[in-house]
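Open the model in a viewer and keep the selection panel at hand. The stops below follow one another, each starting from a selection.

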Amino acid sequence: MGLTRLRGFLNRHRRIALDTNVFIYQVEAHPRYVVLTDPVFAWLERLGHTAVTSTITMTELLVQPYRDSSEHGINQFYA
């Protein structure tokens with residue numbers, strides 16, 4: 001999905017569902033995908049826009065930082 005298509009999608013909705021990878025790409029500022037995650041999180045900051053995610057998202061987010069014993073990584077996701 002390109003940036004134009006993503007923005008069009010976001011403009012048509014008030015609530016979206018987010019998968020774990022969106023959070024990972026945003027926190028890690030992934031060079032390929034942050035151009036797509038930035039608009040999603042900017043959209044979420046607007047009044048009346050919300051998102052839902054799976055109850056296991058936090059667990060999925062913490063797997064790699066715990067595996068790497070990365071206290072900084074763990075704290076990033078809890079923040």
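Select H2 and H4 together: in this predicted model, their axes come within 9 Å and cross at roughly 45 degrees. An angle between 35 and 65 degrees counts as oblique, and H2 and H4 are therefore oblique to each other. The handedness of the H2–H4 crossing is right-handed.

Next, show side chains where the two helices meet. H2 contributes Thr20, Phe23 and Ile24, and these meet Thr57, Glu60 and Leu61 of H4.

Now centre on Thr20, which belongs to helix H2, residues 20–27. Is Thr20 buried or exposed? Thr20 has a relative accessible area of 6%, and the cut-off for buried is under 20%, so Thr20 counts as buried. Leaving aside residues up to four places away in sequence, Thr20 touches Thr57, Glu60 and Leu61. With Glu60, a polar contact of 2.3 Å links side chain to side chain.

Move to H4 and view the helix down its axis. Thr57, Leu61, Leu62 and Pro65 are buried there. These buried residues fall within an arc of 110 degrees, so they line one face of H4. Turn to the other side of H4 to find Thr59 and Arg67, both exposed.

What do the buried residues of H4 pack against? Their partners are H2, strand E2 (50–53) and H5.

Step past the end of H4 to Ser69. Just after that helix, Ser69 has a positive phi of about 55 degrees.

The last stop is H5, residues 71–78, where Gly73, Ile74 and Phe77 are buried. Around the axis they cover an arc of only 100 degrees, which puts them on the same side of H5. Colour Glu71, His72 and Tyr78 separately: they are exposed, on the other side of H5.

Which helices do the buried residues of H5 pack against? They pack against H2 and H4, the latter spanning 57–67.

Note on methods
Residues numbered from 1 in each chain as written. Predicted model: local features only at pLDDT ≥ 70, side-chain atom pairs only at ≥ 80, totals over all residues. Heavy atoms only, no water. Helix = DSSP H or I, 4+ residues; strand = E, 2+ residues; numbered from the N terminus. Buried < 20%, exposed > 50% of the residue type's maximum accessible area, 1.4 Å probe, protein only. Polar contact = N/O pair within 3.5 Å; in protein donor to acceptor, adjacent residues only side chain to side chain. Contact = heavy atoms within 4.5 Å. Arc of directions from axis to C-beta. Axes fitted to C-alpha atoms, helices over the stretch in contact; angles between N-to-C directions. Parallel < 35°, antiparallel > 145°, perpendicular 65-115°, else oblique. Left-handed = near helix turned anticlockwise from the far one by under 90°.
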